[in-house]
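Have the sequence and the 3D view open as you read.

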Amino acid sequence: MIRVILIDDEADALNLLEILLNQVGNVEITGKYLNPIQAIEALNETMVDGVFLDIQMPGMKGTEVARRIRSISPELPIIFTTAYAEYALEAFEIDSTDYLLKPFTVGRLENAVARIMKNLYKQTNLEQPSVPAVPSVQALGGFHIFSPLKPSSEVVWKTKKERELCAFLIHHEGRRVNASFIIEALWPEHDLDKAKSYLYTCLSYLRRSLTDQGIPIHIHKGNSGFSAELNNIKTDISLFETLLNQILNEEKMDEKYYNQMNKMYTGDYMHGCNFDWAIARQLELNSLYVRVLRKWSMYYLSQEKFSLAVDSLQRLLTIFPDSEIDGRALIRLHLELGNRSEAYRVCLQLEQAVRVQLGTELEEETMLLVRQTKERQSAQLNES
């Protein structure tokens with residue numbers, strides 16, 4: 001998922017862009033700004049992957065804002081959004097990533113998002129040390145194995161069950177898994193004889209796919225079970241979990257780890273794979289990540305780095321949107337910072353998650369805070 005901020009002097013334009021980006025998907029909007037100076041200040045404290053920026057704004061033109069942004073982050077993708085084609089040359093000189101003429105379609109916006117993701121991938125590769133090509137096993141945000149034979153080439157599976165079997169064995173981290181246990185997890189609806197036949201067929205496919213595509217993962221058989229030997233291949237899960245535990249156990253906070261862990265978290269464990277056997281591990285990792293994010297939010301509050309405190313709490317609610325304790329903390333922080341509209345937005349999201357998705361009522365403390373926030377928002381709207 002990429003993280004972006006939106007800058008436009010018209011609130012309606014910001015809201016429309018947010019709606020369209022939500023339709024595109026895989027985009028987290030970390031901030032919407034009517035005031036470009038506030039956006040520039042936020043970029044000094046918050047890591048984002050791209051900026052959507054209106055050109056024609058009173059006070060400071062978008063091209064000048066872009067130059068300020070370039071002084072902070074020279075490689076940050078900037079997508080200009082404007083109703084005026086005559087600024088295209090100046091935008092090109094600033095080395096903008098894209099130039100969207102209003103009104104633009106979701107399809108055109110998808111192309112712009114794809115360019116940001118391409119830049120993010122390029123930057124990630126530049127940050128990697130020069131080492132011989134090795135396959136990468138990624139289980140955050142899905143399940144993917146990349147082959148060393150073709151750079152950035154994902155392993156091609158003959159069947160979905162072959163892929164799931166590989167994920168299941170890697171999930172058990174080298175431990176031998178009994179054949180009956182594998183069958184129960186992957187083919188619970190089939191009779192035993194058919195399920196055994198499917199298992200051995202998938203094992204044959206899996207061994208051949210790994211060999212043909214140069215993946216040094218070895219499938220071993222023994223004692224009525226099977227295991228996957230990774231041969232020192234590091235998975236993103238092992239690196240992510242090690243980093244989280246390191247942050248939890250250290251008294252002194254090293255801020256470089258905050259950005260590092262958030263870049264590593266590309267989504268839930270085995271997200272979108274529909275592997276029922278992965279749910280417990282997914283919840284375990286999410287709980288660990290949430291504990292670390294809470295530690296960061298407390299740290300940033302103590303350091304009066306409020307933008308980062310907001311960022312950490314927003315990430316918490318992305319993982320557990322019905323967490324009332326974190327929702328209350330974020331609402332109170334927005335109110336203290338004078339961000340009434342953002343506090344109101346969190347209230348609505350929290351109500352949606354608890355009442356609609358869970359089908360239950362908010363806690364009394366939460367209901368009181370939500371009521372107070374809505375009253376302040378109404379008063380602000382009446383004043384304006």
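Asp 236 has its place in helix α9 (residues 236-249); helices are DSSP runs of H or I with at least four residues, numbered from the N terminus. This is a predicted model: local features need pLDDT of at least 70 and side-chain atom pairs count only at pLDDT 80 or more, while totals for chains, interfaces and linings use all residues. Residues are numbered from 1 along each chain as its sequence is written, and side-chain values use heavy atoms, with hydrogens and water left out.

- Asp 236 is buried, with a relative accessible area of 14% (buried means under 20%, with a 1.4 Å probe and protein chains only).
- Leaving aside neighbours within four places in sequence, Asp 236 is in contact (heavy atoms within 4.5 Å) with Val 137, Gln 138, Ala 139, Leu 140 and Met 264.
- A polar atom of the Asp 236 side chain lies 3.0 Å from the backbone nitrogen of Leu 140.

**Nonpolar cores**

- The largest nonpolar core has 76 residues, and among those touching the most other members are Phe 143, Ile 145 and Trp 296 (a core joins buried Ala, Val, Leu, Ile, Met, Phe, Trp, Tyr and Cys residues through side-chain atoms within 4.5 Å).
- Helix α11 (residues 279-302) gives this core its largest share, nine residues.
- A second, separate core of 21 residues includes Ala 42, Met 57, Val 65 and Ile 78.

**Aromatic rings**

- Trp 296 and Tyr 300 both lie in helix α11, four residues apart, and both are buried.
- Their ring centres are 5.5 Å apart and their planes at 20°, so the pair is stacked (Phe, Tyr and Trp rings, the six-membered one for Trp, pair with centres within 6.5 Å; planes under 30 degrees apart are stacked, over 60 edge-to-face, the rest tilted).

Definitions and conventions. Helix = DSSP H or I, 4+ residues; strand = E, 2+ residues; numbered from the N terminus. Buried < 20%, exposed > 50% of the residue type's maximum accessible area, 1.4 Å probe, protein only. Polar contact = N/O pair within 3.5 Å; in protein donor to acceptor, adjacent residues only side chain to side chain.
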